[in-house]
Amino acid sequence: MLIRTDSGGGTHDFLSWLTRPGQRLAYSVGFTITEDIEDAILKIPARAWTPAYDAGGMPRDGAWVAELTGMLNLDGWPKGMRVIVRKERPHPGAQLRFTDIDGHRFTCFATSTKGGQLADLELRHRQRARCEDRIRCAKDTGLRHRQRARCEDRIRCAKDTGLRNLPLQGYAQNQIWCEIAALACELLAWMQLLALTGPARRWEPKRLRLRLFAAAGRIVRGGRRLRLRLAVSWPWASQITAAISRLQALAPG
């Protein structure tokens with residue numbers, strides 16, 4: 001299993017836990033750029049930089065990757081850890097940061113993966129943003145749900161300011177609500193992965209509700225079977241039926 005995090009996961013304690021004997025976990029975590037790393041970046045020869053990939057796996061103009069592992073003192077870090085750096089030209093109008101060197105933006109990550117092209121490893125690490133998108137969607141969905149009781153929330157806020165951002169009054173109640181919301185988001189993510197194809201896999205909850213979940217239909221019985229009838233004019237009816245067929249094929253009966 002691969003564990004991917006931002007720079008918050010690039011700590012001694014977290015990586016030591018991931019690499020304990022018997023864990024059988026791989027990792028790809030963000031790594032904070034320190035002064036030692038900055039010095040190492042400046043020493044990377046030009047020939048060591050290779051083109052980075054875009055989201056489609058194609059070389060991206062203005063972005064490169066290189067490995068820093070042999071140029072750093074990694075004593076105290078897990079054995080076999082590799083440090084890889086990405087260099088790219090900021091987009092026009094971007095505000096440069098004090099950590100940007102020679103007008104380029106640098107980011108680092110550490111991984112336990114031994115083989116593979118540097119560009120492939122870097123692309124795999126950046127794809128963790130899909131999880132962050134799921135978290136954002138979960139927050140947005142919860143916010144829309146709470147907006148139906150804004151007046152009641154105002155009253156709760158007056159009673160307990162510590163719970164003003166949650167829909168219920170008690171701690172245990174809010175804990176259950178959060179767990180149910182997280183479970184719903186997980187089921188939604190697996191449904192998209194297993195049942196949908198193409199761009200529909202990346203649809204956010206609002207679009208899924210509009211196109212799939214809110215479709216008008218009827219459940220009818222005939223020939224000793226239950227059938228779902230959808231309006232032929234519904235633009236996404238074929239996607240709904242195809243998704244149901246895929247799920248039934250995965251779990252027949």
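User: Is W234 buried, partly exposed or exposed?
Analyst: In this predicted model, W234 has a relative accessible area of 26%. A buried residue would have to be under 20% and an exposed one over 50%. W234 therefore belongs to the class between these limits, which is partly exposed.

User: What share of the residues in the protein is buried?
Analyst: The protein has eight helices and eight strands. The protein consists of 253 residues, and the buried part of them amounts to 31%.

User: What share of the contacts with a separation of 6 or more joins residues 24 or more positions apart?
Analyst: A contact here means heavy atoms within 4.5 Å. Among contacts with a separation of 6 or more, those between residues 24 or more positions apart account for 52%.

User: How many aromatic pairs does the protein have, and which residue pairs with F31?
Analyst: The count of aromatic pairs comes to three. One of them is edge-to-face, with 5.0 Å from centre to centre and 65 degrees between the planes. In this pair, the partner of F31 is W77.

User: How many residues apart in sequence are the parts that F31 and W77 tie together?
Analyst: F31 belongs to strand β2 (residues 26-31), whereas W77 sits in the loop between β4 (59-67) and β5 (82-88). The pair therefore ties together parts whose separation in sequence is 46 residues.

User: Are F31 and W77 buried or exposed?
Analyst: A residue is buried if its relative accessible area is under 20%. The value for F31 is 10%, so F31 is buried. W77 has a relative accessible area of 19%, so W77 too is buried.

User: Which residue forms an aromatic pair with W234?
Analyst: This pair is edge-to-face, with 5.5 Å between the centres and 70 degrees between the planes.

User: How many bridges join β7 to β8, and which residue in β8 is the bridge partner of R221?
Analyst: Strand β7 (residues 217-222) and strand β8 (residues 225-230) run antiparallel, and six bridges join them. They form a hairpin with two residues between them, and G223 in the turn has a positive phi of about 60 degrees. V220 stands opposite R227, while the bridge partner of R221 is L226.

User: How many of the six residues of β8 are buried?
Analyst: Strand β8 is hardly covered. Among its six residues, the count of buried ones is zero.

User: How many disulfides does the structure hold?
Analyst: A disulfide would need a pair of cysteine sulfur atoms within 2.5 Å. C108 is buried at 7% relative accessible area, while C185 is partly exposed at 24%. The number of disulfides in the structure is zero.

Methods
Residues are numbered from 1 along each chain as its sequence is written. This is a predicted model: local features need pLDDT of at least 70, side-chain atom pairs count only at pLDDT 80 or more; totals for chains, interfaces and linings use all residues. Side-chain values use heavy atoms; hydrogens and water are left out. Buried means under 20% relative accessible area, exposed over 50%, partly exposed in between (1.4 Å probe, protein chains only). Two strands pair if DSSP finds at least two bridges between them. Helices (H or I, at least four residues) and strands (E, at least two) are DSSP runs, numbered from the N terminus. Rings of Phe, Tyr and Trp (its six-membered ring) pair if their centres lie within 6.5 Å; planes under 30 degrees apart count as stacked, over 60 as edge-to-face and the rest as tilted.
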